[in-house]
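Dear colleague,

Please find below the structure that I am passing on to you, together with its sequence.

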Amino acid sequence: MALDSRWFTEEWAEQGAAISLEIKRKLHEEQSPYQRIEIWETGTFGRLMTLDGLVMVTDRDNFIYHEMMSHPVLFTHPKPESVLIIGGGDCGTLHEVLKHPVKQVTQVELDERVTRVAEQFFPALCASNNDPRARLRFADGIQWVKDAEAGSHDVIIVDGTDPIGPAAGLFSEAFYKNCLRTLRPGGLIVGQSESPLFHAGLIMAMHQALRGAGFKDVQTLHFPQCTYPSGWWSATLAGKNGSVANFRAQDARNKTFATRYYNAAVHQGALALPEFLQNQLRVASSE
Ligand code: SAM
């Protein structure tokens with residue numbers, strides 16, 4: 001089928017594939033100091049935010065990603081009080097984290113314009129930005145954890161862009177070492193880890209970097225995300241001291257807030273790895 005100006009297309013050049021979303025109109029565009037931010041009104045996915053031409057958020061499916069970046073790690077930690085989010089400028093992860101009885105959430109986003117544009121075009125994602133427990137800071141997250149006080153957080157959530165440009169360092173062993181130091185005993189980190197189908201090599205490298213930095217257990221959870229490359233996405237979770245394969249299932253079953261994707265059974269299922277990924281990670285852990 002021929003594509004024309006009614007379609008937004010993100011090409012996944014290395015994969016010989018692409019995603020297209022029907023567009024009604026462009027609502028906003030600007031070049032921030034860091035990236036090109038565009039907002040589109042789509043035919044069936046509501047509003048779409050792209051950064052440098054790559055899909056970040058749509059109204060229709062962002063709940064899956066934001067819930068899976070937040071609730072598994074927070075129901076794995078026994079009592080998360082202090083949370084650090086790196087990236088996450090659209091504020092959807094922050095909104096989910098604040099559903100938990102945490103004491104403080106600091107979000108360190110490189111590009112303030114992403115947050116300001118999200119506040120305008122994705123008000124539901126930004127509904128908790130004025131929660132007294134939320135602190136929004138605009139800085140490089142890599143430098144932030146280098147300078148952070150040791151033992152200052154229970155959970156770190158790395159909700160960054162693909163591993164290119166300023167986000168490349170968010171996947172490095174040096175960054176994870178600083179995260180480990182920033183975590184309290186029993187602390188946990190989770191980072192978005194791309195597509196199991198397209199980027200299994202990156203997931204393997206992330207496991208090695210997290211273990212190399214000193215994290216004791218590393219697990220990858222997977223979930224659908226139809227507007228990201230391959231339509232299948234993952235988050236990789238690691239523990240400073242112990243296993244991250246078990247979680248507070250009873251608390252997750254009795255959660256006091258609403259979710260649309262996450263529940264205790266989904267959490268358990270997301271930890272079950274497909275055969276090819278399990279085999280690749282086994283090879284990675286023996287190298
Ligand atoms: N859900 C998205 C995905 O997986 O494609 C990520 C969304 S969120 C908008 C990603 C954010 O990470 C962007 O706003 C970007 O500015 C931010 N970011 C990239 N590198 C960063 C860094 N080094 N420190 C802090 N934020 C960073």
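The bounds of the domains named in this message come from an automatic or database domain assignment. Please also keep in mind that this is a predicted model.

On that basis, the protein is divided into two parts: domain 1, residues 7–58, and domain 2, residues 62–286. Taken over C-alpha atoms, the centres of domain 1 and domain 2 are separated by 23 Å.

**Where the domains meet**

The size of an interface is often given as the accessible area lost when the parts come together. Here, domain 1 and domain 2 bury about 2,000 Å² between them, and 70% of that area is on carbon and sulfur atoms. In terms of residues, 23 from domain 1 are in contact with 21 from domain 2.

The search of the whole structure finds 16 salt bridges. The closest N and O atoms of the salt bridge between Glu30 and Arg113 are 2.7 Å apart. Across the interface of domain 1 and domain 2, the rule finds one salt bridge.

**The largest pocket**

Rolling a probe the size of a water molecule over the atoms shows where empty space is left. The largest pocket found has a volume of about 960 Å³. Its lining consists of 47 residues, and those nearest the centre of the pocket are Leu54, Met56, Thr161, Asp162 and Ile164. Several elements give two or more residues to this lining: β1 (7–12), β4 (47–51), β5 (54–58), α1 (62–76), β6 (82–87) and β7 (104–109). Among these, β5 provides the largest share, with four residues. By type, the lining of the largest pocket divides into 24 nonpolar, twelve polar and eleven charged residues.

**The cavity**

A search of the whole structure finds one cavity of 30 Å³ or more. The largest cavity has a volume of about 70 Å³. Its lining is made up of 13 residues, with Val158, Leu170, Tyr176, Gly191 and Met206 lying nearest the centre. At least two lining residues each are supplied by β10 (183–192) and α6 (200–213). The largest share of the lining, four residues, comes from β10. Which types of residue line the largest cavity? Eight are nonpolar and five are polar, while no charged residue takes part.

With kind regards

Technical notes. Residues numbered from 1 in each chain as written. Predicted model: local features only at pLDDT ≥ 70, side-chain atom pairs only at ≥ 80, totals over all residues. Heavy atoms only, no water. 1 Å grid on protein atoms, 1.4 Å probe; cavity = no way out; pocket = protein on both sides within 12 Å on 5 of 7 lines; lining within 4 Å. Points joined across faces, edges and corners; volume = space filled by probe spheres on them. Nonpolar A, V, L, I, M, F, W, Y, C, P; charged D, E, K, R; others polar. Contact = heavy atoms within 4.5 Å. Buried area = accessible area lost by both parts, 1.4 Å probe. Salt bridge = Lys/Arg side-chain N within 4 Å of Asp/Glu carboxyl O.
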